[in-house]
Amino acid sequence: MSNKELAKGIHWVGAIDWDVRDFHGYSTLAGTTYNAFLIIDEKITLVDTVKRSHYQDMMHQIREIIDPAKIDYLIVNHVELDHAGSLAEVMDAVNPEKLICSTMGQKAILEHFHREDWPFEVVKTGEEISTGERTLSFIETRMLHWPDSMFTYVKEDGILFSSDAFGQHLATAERFDDQVPMSVIMDQAAKYYANILYLYNPLIRKLLAKVGEMDLDIKMIAPDHGVIFRTHLNEILTAYDDWSKNKFDNKALIIYDTMWHSTEKMARAIARGIEQEGVFADMINLKVHHRSDVMTKVLKAGALVLGSPTLNNGLLPRMAGFLMYMRGLKPQNKIAAAFGSYGWSGECVKLLNEALEDMRLELIEEGIRHKYVPTEDDLNECVEMGRRIGKAVKERGKLQED
Ligand code: FEO
């Protein structure tokens with residue numbers, strides 16, 4: 001069996017994007033893949049397509065197996081253009097008998113491509129289509145992460161084509177989870193979750209429960225980005241369970257920007273206090289950490305401690321931008337506090353507190369602000385706040401274990 005074959009007659013025919021470094025604001029430093037799959041059966045079926053820039057790569061993969069004109073069914077699990085960007089070209093080349101998608105998928109395809117004449121076959125959760133020897137069943141996953149999203153499950157082979165879910169922005173020549181170190185895969189899976197799916201935690205809980213009730217015999221999970229899980233399914237499913245439950249580590253993040261190092265001094269003092277309580281403290285200077293990497297750490301942190309000086313009655317722009325990004329991703333179940341230095345007007349802590357409350361994070365401190373350069377006494381006050389934060393993380397951690 002070729003290294004691109006998931007099961008006999010089911011082939012990976014996607015594309016590897018080694019060079020992409022930005023995905024609408026998410027830094028994809030490891031590149032990505034756009035996975036598509038070809039099922040050879042009485043009705044030859046293509047599951048998903050690729051970004052328009054990689055159309056020819058996918059066609060080369062398909063031509064190594066069959067003439068693309070022989071494809072009978074085309075399934076669109078998700079209309080976002082990293083997967084459906086080449087749909088018009090594929091439809092022209094293949095002219096399939098059926099274009100299979102969810103109700104919302106048909107709507108989104110029409111709104112993107114404006115082709116009422118395409119042979120739509122709309123499917124709902126639980127509906128099945130036979131390709132001959134195989135049965136495909138469909139699970140709508142509305143708002144995970146677009147209204148049109150759905151999974152396709154191949155009953156006979158136990159393969160779940162999961163669209164963006166369980167994906168990783170990771171370009172590798174290897175196709176499977178037992179060919180790449182799991183630490184690399186899980187780091188990228190966590191980053192993907194934190195930056196794409198985090199805000200849908202309640203829906204993910206419902207979906208995991210629904211898939212559990214359906215009692216599917218899942219032997220392989222094939223997402224549309226990154227490697228395919230055939231060996232470590234339990235690890236990725238457990239991680240999704242933990243992340244969607246907002247489970248956190250014994251860790252606080254001190255996320256800050258600084259103008260003349262005063263806010264940084266306060267950040268270091270707060271970190272010392274947190275660590276005195278036996279809690280890990282990660283220092284995240286927004287000047288050097290990309291917002292999407294910060295979000296990956298936010299996913300598993302017990303506390304967020306935000307610091308910014310006051311600039312022109314506001315926050316430093318990197319902090320303001322990060323808050324805007326984080327607010328959209330709706331982190332939950334975290335305690336929070338704010339700090340910052342100022343020169344005269346001093347709005348920094350008030351603005352940070354308002355942003356944290358707006359995100360419905362649990363503000364456990366009034367916050368600390370110090371004028372210009374903090375004194376030793378001022379820094380001791382920061383250490384004390386750090387200790388209170390450390391204690392609170394520990395207490396909440398114990399509750400989580402109970
Ligand atoms: Fe990978 Fe939502 O697209």
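Q: In which strand is the place of T152, and what makes a run of residues a strand?
A: T152 sits in strand β14, residues 150–154. Strands are DSSP runs of E with at least two residues, helices are runs of H or I with at least four, and both are numbered from the N terminus. The model is predicted, so local features need pLDDT of at least 70 and side-chain atom pairs count only at pLDDT 80 or more, while totals for chains, interfaces and linings use all residues. Residues are numbered from 1 along each chain as its sequence is written, and side-chain values use heavy atoms, with hydrogens and water left out.

Q: Why is T152 called buried?
A: T152 has a relative accessible area of 0%. Buried means under 20%, exposed over 50%, and partly exposed in between, with a 1.4 Å probe and protein chains only. T152 is therefore buried.

Q: What joins the side chains of T152 and N77?
A: A polar contact of 2.8 Å joins these side chains. The cut-off is 3.5 Å between N or O atoms; within protein, one atom must be able to donate a hydrogen and the other to accept it, and residues adjacent in sequence count only if both atoms are side-chain atoms. N77 is also one of the residues that T152 touches, others including I75, L136 and F161, not counting residues up to four places away in sequence. Contact here means heavy atoms within 4.5 Å.

Q: Why is the sulfur of C348 too far from the closest cysteine sulfur for a bond?
A: The closest cysteine sulfur, in C382, is 11 Å away. A disulfide requires two cysteine sulfur atoms within 2.5 Å, so C348 is too far from C382 for a bond. Searching the whole structure gives zero disulfides. C348 is buried at 0% relative accessibility, and C382 is buried at 0%.

Q: Which members of the largest nonpolar core touch the most other members?
A: I255 and V298 do, in a core of 62 residues. Helix α5 (residues 182–197) gives the most to this core, with ten residues. Apart from it lies another core of 31 residues, among them A15, L46, I66 and L99. A nonpolar core is a set of buried Ala, Val, Leu, Ile, Met, Phe, Trp, Tyr and Cys residues joined through side-chain atoms within 4.5 Å. Among the residues that V298 touches, not counting those up to four places away in sequence, are L253, I255, F322 and K334.

Q: Why is E264 counted as buried?
A: E264 has 14% relative accessibility, so it counts as buried. This residue is found in helix α8, residues 262–276. The side chain of E264 makes a polar contact of 2.6 Å with the side chain of H261. The C-alpha atoms of E264 and G340 are separated by 8.6 Å, although these residues are 76 apart along the chain.

Q: What makes a set of points a cavity or a pocket?
A: On a 1 Å grid over the protein atoms alone, a 1.4 Å probe fits in a cavity but cannot get out, whereas a pocket is an open set with protein on both sides within 12 Å along at least five of seven lines; lining residues have an atom within 4 Å of a point. The structure holds one cavity of 30 Å³ or more. The largest cavity has about 70 Å³ of space, and its lining includes F151, F166, L207 and Y240. The largest pocket has a volume of about 310 Å³. Of its 19 lining residues, M259, T310, Y342, G343 and Y372 are the closest to its centre.

Note on methods
Points joined across faces, edges and corners; volume = space filled by probe spheres on them.
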